Amino acid sequence: MPAAPAGPAARDLIRAEALRLGFDRVGFTEALLPAAVRARLDAFLAAGMQGGMGWLADRAAQRAQPRALWPEAVSVIALGMNYGPEEDPLAILARRDRGAVSVYAQGRDYHDVVKSRLKQLGRWMVQRFAGSALKVFVDTAPVAEKPLAQQAGLGWQGKHSNLVSRSHGSWLFLGEVYTTLALPPDAPERDHCGGCHRCLDICPTAAFPAPYRLDARRCISYLTIEHKGPIPEEFRAPMGNRIYGCDDCLAVCPWNKFARAHAEPGFAPRAALRAPRLAELAALDDAGFRALFSGSPVKRIGRDRFVRNVMIAIGNSGDPALREAAQARAEDADPVVAEAARWAAMRLEARA
Ligand code: B12
Ligand code: SF4
Ligand code: SF4
């Protein structure tokens, strides 16, 4: 399909509509990424830093280059949705009888919230610009979301590798529209990290081999969400009470001083996930897990992986009152849960 002509007026209309739909940042760029993006992805994969996320390697060519995924793509609209927390996300780390669920997972699944807005924007664009075509993405497709967002001016990839925005700090979800419209690009954002290295210093598991480079195998977000099987011993104590994801490197970024709490009702934290009691989470069976996490991103890891994480947090709690909750799972039908439960009970016994 030839590029549908458009221009600055079309771009302004799209920006206004996206903001009206609830996106907080909107930027435009050509559907073309520099070779450095592919080279960095290849280096990451060659070092095995993706761990068990084999899907990152499967479609590397499409991930690193929009037109390898969809040859008709002419422009990319990069969109950001603010999910800034209302409270200090690190305060929960001191409450060792509670589980820490990362900010992004305390409300409704962002995939659903962002995707439904992207579809609304897409429907509007198809009507407004007859003859144009588009595809929308959030997170799960082979799309280099952070490099595209940087190129479209939304922010820059900070030393923790996430996109940082001068207006919203670390707290933007990203989504994209690939379109056949030729839209004038915005200026890319430049790096504003300067001499800062707070995010690198705070990481509990030393997951950054160098600034801008993340070894996912060491990241608590990977270990609690993506990793199947037992949590390697060396990461168990540093996990503390983090049972789903991790916010440490995001939360310490000085650019968060410009961030505001989100205004999206879907991202409001569920009361049950703000500071859940480990003892209650430890007792979850399949049905209880599904009921508690219906509509939440936590649901996708399943009961067994979740209770495995809860067992590690109990082992780190230093609270002998939680030993019983661990012992009750020591013969769990899932061998990974059972092993983590025995580890937790043993650690608490040593402290009793
Ligand atoms: C795989 C993945 C993960 C993995 C790996 C993360 C990673 N950094 O690669 C794991 C499970 C660990 C993860 C964790 C998280 N994720 Co994630 N994840 C993704 C996913 C699906 C792909 C990212 C990817 O391609 N990684 C591959 C590597 C090679 O690419 P990279 O991140 O760009 O890293 C390279 C660059 O930093 C590059 N680089 C850039 N500049 C420079 C400069 C120099 C000088 C050098 C040398 C290198 C360099 O080198 C790195 C390679 O080593 C994206 C969605 C998407 N489709 O893009 C979401 C995404 C990145 N995740 C997101 C979120 C929110 C998170 C968490 C905050 C969730 C949480 N609270 O637990 C954490 C943050 C952890 C962290 N510090 O990155 C958001 C980030 C939003 C944003 N503002 O950036 C995304 C964009 C999803 C979304 N649609 O909103 N995630
Ligand atoms: S999310 Fe946590 S574990 Fe992962 S890199 Fe950031 S601070 Fe380290
Ligand atoms: S904490 Fe500092 S180094 Fe890390 S992303 Fe923010 S500004 Fe950059």
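From which domains does the shell around ligand 1 draw at least three residues each? To get there, let's start with some ground rules. This is a predicted model, so local features are only discussed at pLDDT of at least 70, side-chain atom pairs count only at pLDDT 80 or more, and totals for chains, interfaces and linings use all residues. Residues are numbered from 1 along each chain as its sequence is written, while chains are lettered from A and ligands numbered from 1 in the order in which they are written.

Now for the domains. The protein is assigned domain 1 (8-85 + 107-179) and domain 2 (198-351), with bounds that come from an automatic or database domain assignment. Their C-alpha centres sit 28 Å apart. Where they meet, 29 residues of domain 1 are in contact with 31 residues of domain 2; "in contact" means that the C-beta atoms of two residues, placed from the backbone, lie within 7 Å. On the domain 1 side, the elements giving two or more residues are β2 and α6 (110-128). Those names follow DSSP runs numbered from the N terminus: helices are H or I with at least four residues, and strands are E with at least two. The domain 1 side of the meeting place splits into nine nonpolar, 16 polar and four charged residues. Here Ala, Val, Leu, Ile, Met, Phe, Trp, Tyr, Cys and Pro count as nonpolar, Asp, Glu, Lys and Arg as charged, and the others, Gly among them, as polar.

Back to the opening question. The shell around ligand 1 takes at least three residues from each of domain 1 (8-85 + 107-179) and domain 2 (198-351). A residue belongs to such a shell if its C-beta atom, placed from the backbone, lies within 6 Å of the molecule. For ligand 1 that gives 35 residues, and the closest are Glu145, Asn162, Leu163, Ser221 and Gly245. Two or more residues each come from α2 (35-46), α7 (145-151), β7, α9 and α11. Helix α9 has the largest share, with four residues. By class, you'll find 21 nonpolar, seven polar and seven charged residues in the ligand 1 shell.

The other two ligands are worth a look too. Around ligand 2 you'll spot His160, Thr205, Ser221 and Asp248, among others, and its cysteines include Cys203, Cys219, Cys246 and Cys249. Helices α9 (220-226) and α11 (248-251) are the elements that give two or more residues to this shell, which divides into eight nonpolar, three polar and one charged. Ligand 3 has 13 residues around it, and Gly158, Cys193, Cys196, Cys199 and Cys253 come nearest. Its shell, too, draws at least three residues from each of domain 1 and domain 2.

Next, the inside of the protein. The largest nonpolar core has 98 residues, and Ala78, Val310, Met311, Ile314, Ala326 and Ala344 touch the most other members. (A nonpolar core is a set of buried Ala, Val, Leu, Ile, Met, Phe, Trp, Tyr and Cys residues joined through C-beta atoms within 7 Å. A residue is buried if 20 or more other C-beta atoms lie within 10 Å of its own, exposed if 12 or fewer, and partly exposed in between, with C-beta atoms placed from the backbone.) Both domain 1 and domain 2 give residues to this core, so it lies between them.

Follow Ala78 for a moment. Beyond its neighbours within four places in sequence, Ala78 is in contact with residues including Gly27, Leu148 and Leu174. Gly27 is also its bridge partner: strands β1 (25-30) and β2 (75-82) run antiparallel, joined by six bridges. Five of the six residues in β1 are buried.

Finally, visit a few loops. Ser165, between β6 (163-164) and β7 (172-179), counts as buried because it has 25 other C-beta atoms within 10 Å. Ala144 sits between β4 (134-137) and α7, and is buried as well, with 21 such atoms. In that loop you'll also find Asp139, which is partly exposed because 14 other C-beta atoms lie within 10 Å. Most residues other than glycine have a negative phi. Asp139, though, has a positive phi of about 70°, and Ala206 has one near 50°. Ala206 lies between α8 (198-202) and α9 and counts as exposed, with 12 C-beta neighbours inside 10 Å.

Conventions
Pairing = 2+ DSSP bridges.
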